[in-house]
Amino acid sequence: GIDMTKAYNYPNPIKNGQTKFRFYVHNSLSAQIKIYDAAGFLVDELNAGGLLPNRYNEIAWNSSRLDSGLYFAEIQSDRNESKIIKIVIL
(Lines give C-alpha, C1' and ligand atoms only; values in the text may rest on other atoms or scores of the structure.)
Protein backbone atom coordinates (compact mmCIF):
# COMPACT_ATOMS: atom_id res chain seq x y z
CA GLY A 1 0.00 0.00 0.00
CA ILE A 2 1.16 3.44 1.03
CA ASP A 3 3.48 4.17 3.96
CA MET A 4 1.22 6.59 5.85
CA THR A 5 4.03 7.51 8.26
CA LYS A 6 5.63 9.22 5.23
CA ALA A 7 2.51 11.11 4.10
CA TYR A 8 2.41 14.91 4.44
CA ASN A 9 1.82 18.12 2.55
CA TYR A 10 4.14 21.04 1.92
CA PRO A 11 4.21 23.92 2.36
CA ASN A 12 2.03 23.92 5.45
CA PRO A 13 0.76 26.50 6.31
CA ILE A 14 -0.30 27.37 2.78
CA LYS A 15 0.42 31.00 1.88
CA ASN A 16 0.27 31.14 -1.92
CA GLY A 17 -2.78 28.93 -2.58
CA GLN A 18 -0.68 25.91 -3.64
CA THR A 19 0.46 22.82 -1.76
CA LYS A 20 1.56 19.30 -2.64
CA PHE A 21 0.60 16.10 -0.91
CA ARG A 22 3.54 13.70 -0.80
CA PHE A 23 3.45 10.04 0.19
CA TYR A 24 5.59 6.94 -0.25
CA VAL A 25 3.93 4.22 -2.32
CA HIS A 26 4.85 0.57 -1.96
CA ASN A 27 2.32 -1.18 -4.18
CA SER A 28 -0.90 0.89 -4.29
CA LEU A 29 -2.29 1.80 -7.69
CA SER A 30 -4.41 4.77 -6.65
CA ALA A 31 -5.07 7.21 -3.82
CA GLN A 32 -7.85 9.58 -2.90
CA ILE A 33 -7.54 12.78 -0.86
CA LYS A 34 -10.61 14.39 0.68
CA ILE A 35 -10.34 17.90 2.10
CA TYR A 36 -12.67 18.90 4.95
CA ASP A 37 -13.19 22.26 6.64
CA ALA A 38 -13.04 22.62 10.43
CA ALA A 39 -16.79 21.94 10.67
CA GLY A 40 -16.33 18.60 8.90
CA PHE A 41 -17.83 19.51 5.53
CA LEU A 42 -16.19 18.07 2.41
CA VAL A 43 -14.81 21.01 0.39
CA ASP A 44 -12.64 19.27 -2.22
CA GLU A 45 -11.58 15.85 -3.45
CA LEU A 46 -8.50 14.72 -5.37
CA ASN A 47 -7.94 11.37 -7.08
CA ALA A 48 -4.65 9.98 -8.30
CA GLY A 49 -4.22 6.88 -10.39
CA GLY A 50 -1.17 5.29 -11.94
CA LEU A 51 0.97 5.73 -8.84
CA LEU A 52 4.62 4.79 -9.21
CA PRO A 53 5.67 1.94 -6.89
CA ASN A 54 8.58 2.10 -4.43
CA ARG A 55 8.97 5.88 -4.54
CA TYR A 56 7.40 9.12 -3.41
CA ASN A 57 4.39 10.32 -5.38
CA GLU A 58 2.94 13.85 -5.25
CA ILE A 59 -0.46 15.39 -5.91
CA ALA A 60 -0.73 19.18 -6.28
CA TRP A 61 -3.71 21.01 -4.80
CA ASN A 62 -4.88 24.57 -5.45
CA SER A 63 -6.49 25.96 -2.29
CA SER A 64 -6.88 29.57 -3.49
CA ARG A 65 -10.69 29.42 -3.63
CA LEU A 66 -10.95 28.55 0.08
CA ASP A 67 -10.99 30.96 3.01
CA SER A 68 -8.15 31.14 5.51
CA GLY A 69 -8.48 28.67 8.35
CA LEU A 70 -7.99 25.11 9.53
CA TYR A 71 -8.70 22.18 7.21
CA PHE A 72 -8.16 18.43 7.33
CA ALA A 73 -7.03 16.16 4.51
CA GLU A 74 -7.78 12.45 4.57
CA ILE A 75 -5.41 10.45 2.38
CA GLN A 76 -6.75 6.99 1.56
CA SER A 77 -5.09 4.28 -0.53
CA ASP A 78 -6.84 1.69 -2.67
CA ARG A 79 -5.92 -0.77 0.11
CA ASN A 80 -8.04 1.09 2.72
CA GLU A 81 -5.08 2.65 4.54
CA SER A 82 -5.71 6.21 5.62
CA LYS A 83 -4.24 9.17 7.44
CA ILE A 84 -5.59 12.58 8.42
CA ILE A 85 -3.35 15.63 8.02
CA LYS A 86 -4.03 19.10 9.49
CA ILE A 87 -3.72 21.94 6.99
CA VAL A 88 -3.65 25.67 7.70
CA ILE A 89 -4.47 28.15 4.95
CA LEU A 90 -3.29 31.73 5.55
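Select Arg 22 and Tyr 56 to begin: Arg 22 lies over the face of Tyr 56, at 4.1 Å from the ring centre. A charge counts as sitting over a ring if NZ of Lys or CZ of Arg is within 6 Å of the ring centre and within 35 degrees of the ring normal. The model is predicted, with local features requiring pLDDT of at least 70 and side-chain atom pairs pLDDT 80 or more, while totals for chains, interfaces and linings use all residues. Residues are numbered from 1 along each chain as its sequence is written, and side-chain values use heavy atoms, without hydrogens or water.

Next, display the aromatic rings. The structure holds three aromatic pairs; rings of Phe, Tyr and Trp (its six-membered ring) pair if their centres lie within 6.5 Å, with planes under 30 degrees apart counted as stacked, over 60 as edge-to-face and the rest as tilted.

Select Phe 21 and Trp 61. Their ring centres are 6.2 Å apart and their planes stand at 40°, so this pair is tilted. Phe 21 belongs to strand E2 (residues 18–25) and Trp 61 to strand E5 (residues 55–62), so the pair ties together parts 40 residues apart in sequence. Strands are DSSP runs (E, at least two residues), numbered from the N terminus. Both Phe 21 and Trp 61 are buried, that is, under 20% relative accessible area, where exposed means over 50% and partly exposed in between (1.4 Å probe, protein chains only).

Move to Tyr 24 and Tyr 56. With ring centres 5.3 Å apart and planes at 80°, the pair is edge-to-face. Tyr 24 in strand E2 and Tyr 56 in strand E5 are 32 residues apart. Tyr 24 is buried, at 18% relative accessible area, whereas Tyr 56 is partly exposed, at 33%.

Definitions and conventions:
Helix = DSSP H or I, 4+ residues; strand = E, 2+ residues; numbered from the N terminus.
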